Amino acid sequence: MTDKDFEMTPAAGNGLMDRRMFLGATAAGGISMLVAQPAAANRPAWTQTPGKGMNSYGSPSRFETDVQRVGIGSQAGTVGSGASRTPLEQLNGVITPSGLHFERHHNGIPDIDPDQHKLLIHGLVDRPLSFSLETLDRYPMTSRIQFLECSGNSGALLSPTPMPRTCAQLHGLVAASEWTGVPLAILLEEAGVKPEARWLVAEGADAAMMSRSVPLDKAFDDALLALYQNGERIRPSNGYPMRLFLPGWEGNMSVKWLHRIKVTSEPAMTKDETSKYSDLLSDGTAQLFTFPMGVKSVITNPSGGLNMSKPGLYQITGLAWSGAGRINRVEVSADGGKSWAQAALDQPVLTKNLTRFRTPWRWNGAPATLMSRAVDEHGSVQPTRESLMAGRAKGAFYHYNAIQAWRVGENGEVGNVYV
Ligand SMILES: Nc1nc2c(c(=O)[nH]1)N[C@H]1C(S)=C(S)[C@@H](COP(=O)(O)O)O[C@H]1N2
Ligand SMILES: [Mo]
């Protein structure tokens with residue numbers, strides 16, 4: 001088979017093409033055209049005069065000012081007790097620009113002076129320790145490109161009828177960054193954890209003093225005291241000057257503006273791990289401590305609110321992730337789940353990071369239902385909405401990771417549907 005044959009080979013029903021179309025140089029053949037260079041006089045204005053000068057901190061093109069966080073909302077009477085969402089359908093690749101990383105604050109963004117900020121480690125330790133930012137900068141550091149997802153992400157999908165919302169509005173409480181900082185294990189080892197210790201309680205220096213209990217196993221496994229995000233100091237909205245980062249676990253536990261770690265033998269049962277961030281089950285009991293985020297994927301293009309201008313060749317693309325490790329496979333359907341084609345995955349596929357998938361699709365102009373289904377390296381398969389809802393109590397809100405479906409109408413309009 002030649003590359004050309006792959007192009008012609010349908011991979012699944014309703015126009016899904018073979019993912020290998022993206023591998024050969026021929027793939028571009030159907031989309032771009034070579035044109036002759038225009039004469040000097042007809043060249044665009046920006047080629048005719050010297051460009052602008054340098055500046056000390058860059059910003060996006062003036063033609064990209066509509067790429068913004070969306071769905072900014074706060075509790076009545078407050079400005080900082082709420083969330084903003086990452087505009088997933090306007091981005092590509094897997095790293096979220098820091099200025100577009102979703103935000104979730106329980107009592108606003110504190111204005112922390114880094115010279116006055118200290119991290120205290122105390123409780124069941126041999127030596128209580130206090131660290132300034134300057135001290136921490138001298139410790140061994142490591143970097144990880146990993147996702148952060150609020151366990152309330154996609155909660156609108158619990159609504160009995162589908163909401164007319166965009167991908168960002170429904171799923172924008174997830175983002176990925178390169179996080180750089182000191183492995184928490186190094187600091188805990190220096191403090192000397194006592195044998196009876198099993199947990200730590202992490203507390204933030206915001207006005208909510210938000211606190212969560214974290215099993216010590218996780219703290220010693222891959223927890224990071226993050227100081228940098230995408231190469232620069234963490235932004236104030238994401239925890240400046242330091243945050244806890246717990247790869248793959250519900251975002252709430254990655255305590256921002258971290259100023260205190262108390263090592264304990266039991267969880268503290270704070271508000272945000274009892275009345276909040278626990279999962280009500282259909283038998284009436286509440287499940288506490290659902291830490292890792294389940295395997296999940298969402299098609300970001302085409303998606304709700306977007307418009308397909310005319311029939312033809314398109315690229316279906318989206319993001320997949322799993323709090324348990326690497327994404328192994330993503331399948332895409334264009335016929336509401338009757339048949340599935342395997343998507344191409346952008347490399348490298350990193351553990352507990354967003355993975356970008358792509359599938360070529362020839363849209364014939366008829367209504368179509370697009371879906372994606374992720375499988376992680378442990379064989380966990382993203383559930384259908386029906387199976388996810390089956391075990392849940394009415395109103396159970398957190399950890400929604402079911403398959404998302406988008407309906408493309410005859411007029412090319414895309415909307416959220418349940419299948
Ligand atoms: N101190 C503190 N830490 C916090 C929060 C907070 O309000 N205060 N919000 C939590 C929640 S619910 C989430 S989902 C993540 C969001 O991180 P981000 O704002 O950097 O996206 O931070 C968590 N850490
Ligand atoms: Mo959250």
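Reply: A residue counts as near a molecule if one of its heavy atoms lies within 4 Å of it. This is a predicted model. Here 21 residues surround ligand 1. The closest are Phe102, His106, Asp206, Arg243 and Lys256.

Me: What makes up the shell around ligand 1 by class?

Reply: The shell has seven nonpolar, nine polar and five charged residues. Strand β5, residues 103-105, gives the largest share, with three residues.

Me: What makes the pair of Asn238 and ligand 1 a polar contact?

Reply: The cut-off is 3.5 Å between N or O atoms. A polar side-chain atom of Asn238 lies 2.8 Å from an oxygen atom of ligand 1. That value is within 3.5 Å, so the pair counts. Arg243 also has a polar side-chain atom 2.8 Å from a ligand 1 oxygen. For His101, a side-chain N or O atom is 3.2 Å from an oxygen of ligand 1. That is within 3.5 Å, so this pair counts too.

Me: How much of ligand 1 does the protein bury?

Reply: Taken alone, ligand 1 exposes 530 Å². The protein buries 100% of that. Ligand 1 sits in the largest cavity.

Me: What makes a molecule "sit in" a cavity?

Reply: More than half of its atoms must lie within 2 Å of the cavity's grid points. Ligand 1 is assigned to the largest cavity by that rule.

Me: How many aromatic pairs are there?

Reply: The count comes to nine aromatic pairs. One of them is Trp249 with Phe291.

Me: Why is the pair of Trp249 and Phe291 called stacked?

Reply: Two values decide. The centres must lie within 6.5 Å, and here they are 4.6 Å apart. Stacked planes are under 30 degrees apart, and these are at 15 degrees, so the pair is stacked. The pair links distant parts of the chain, 42 residues apart. Trp249 is in the loop between β14 and β15, and Phe291 in the loop between β17 and β18.

Me: What is the phi of Asn230?

Reply: Phi is near 50 degrees, a positive value in a residue other than glycine. Asn230 is in the loop between β12 and β13. Most residues other than glycine have a negative phi.

How values were computed: Residues are numbered from 1 along each chain as its sequence is written. Chains are lettered from A and ligands numbered from 1 in the order in which they are written. This is a predicted model: local features need pLDDT of at least 70, side-chain atom pairs count only at pLDDT 80 or more; totals for chains, interfaces and linings use all residues. Side-chain values use heavy atoms; hydrogens and water are left out. A polar contact is a pair of N or O atoms within 3.5 Å; within protein, one must be able to donate a hydrogen and the other to accept it, and residues adjacent in sequence count only if both atoms are side-chain atoms. Accessible areas come from the Shrake-Rupley method with a 1.4 Å probe; for residues, only the protein chains shown count as cover. On a 1 Å grid over the protein atoms alone, a cavity is a set of points where a 1.4 Å probe fits but cannot get out, and a pocket is an open set with protein on both sides within 12 Å along at least five of seven lines; lining residues have an atom within 4 Å of a point. Helices (H or I, at least four residues) and strands (E, at least two) are DSSP runs, numbered from the N terminus. Ala, Val, Leu, Ile, Met, Phe, Trp, Tyr, Cys and Pro count as nonpolar, Asp, Glu, Lys and Arg as charged, and the others, Gly among them, as polar. Rings of Phe, Tyr and Trp (its six-membered ring) pair if their centres lie within 6.5 Å; planes under 30 degrees apart count as stacked, over 60 as edge-to-face and the rest as tilted.
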